[in-house]
Amino acid sequence: MTILVTGATGALGGRIVAHLLDRVPAAEIAVSVRDAGRAADLAAAGVDVRQADFDDAASVRRAFDGVDRLVLVSTNGSDDQRLAQHATAVRAAADAGVGFLAYTSVTAADADSVAGLAEVHGGTERAIRDTGIPFSFLRNNMYHENYTGQLAAAYDRGALVTATGSGRLASAARDDYAEAAAVVASTPGHDRTVYELTGPRAWTFDELAAIATGITGRPLAHVGAADADLAQGLRDAGLPGFLADTLVAIDVAVRAGRLAEVRPDLPKLLGRAPVDIADAARAALA
């Protein structure tokens, strides 16, 4: 059996491969990467490294040759870029006769979870369904690290600034999502499943600021910003416009309560409780 993970030099894909290496022999794992040189450590570990560019359909089709189970990690970029790249990968999987496809989607992708993200992931899920390939949709909520990674900079600025208001977020650790993907890729019984993956509780950004204060002993306040002001601030900090808009859309979804539901799927796949936001903040500020 060959399990292939796309985007294996990325933050999520790399962790998925690491967890697969704990579960199956390296000879059963393949990866597709844009730059094979960045995956030299995986090749040295016995993983089959294949070069593929999702903007080059022929390279993706070659990379998927002989693959039994595929983990398609969603790409980065504008909405149009991502949809096109995902469509290329899905067509290649169908043409290559892939037997099972696990896709890293977003929470409630079939609803209006996050403007932009729901369209990208929902469209990709529909494309996968249309192929007839047995699938599992791993609908990840946000990563703890998206927010705990901002805490040091928040101290530098003097406040944690968001447009989330008092909204709650049921985020989880990136590594927990990665381990869940490795479980689904390497074990039977996941055909035509949809997993809504969340952390163990929903928290507010006031709570995150208080957690940081407790860890460091230095006060940190959470300050609200208007959507447009936050978007402009992100652009001024050098973020591409599409990314700034996506980050603000996520804050809007949090404020509206669309990312607050806690679901049992992640602990069931992991066989343990997911990492709590307080533990993630402690690791980030250590």
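## Basis

Residues are numbered from 1 along each chain as its sequence is written. In this predicted model, local features need pLDDT of at least 70 and side-chain atom pairs count only at pLDDT 80 or more, while totals for chains, interfaces and linings use all residues; side-chain values use heavy atoms, without hydrogens and water.

## Annotated region

An unreviewed UniProt entry gives the annotation "domain: NmrA-like" for residues 2-221. Such annotations may be inferred rather than shown by experiment. Residues 2-221 are 42% helix and 17% strand, where helices (H or I, at least four residues) and strands (E, at least two) are DSSP runs numbered from the N terminus. The end C-alpha atoms of this stretch are 49 Å apart.

S136 belongs to strand 6 (residues 135-140). S136 has a relative accessible area of 0% and is buried (under 20%; exposed is over 50%, partly exposed in between; 1.4 Å probe, protein chains only). Its side chain makes a polar contact of 2.8 Å with the side chain of T193 (a pair of N or O atoms within 3.5 Å; within protein, one must be able to donate a hydrogen and the other to accept it, and residues adjacent in sequence count only if both atoms are side-chain atoms).

T124 is in helix 5 (residues 117-131) and is buried, at 2% relative accessibility. The side chains of T124 and H86 form a polar contact of 2.9 Å.

## Helix 11

F242 lies in helix 11 (residues 241-255). With 37% relative accessibility, F242 is partly exposed.
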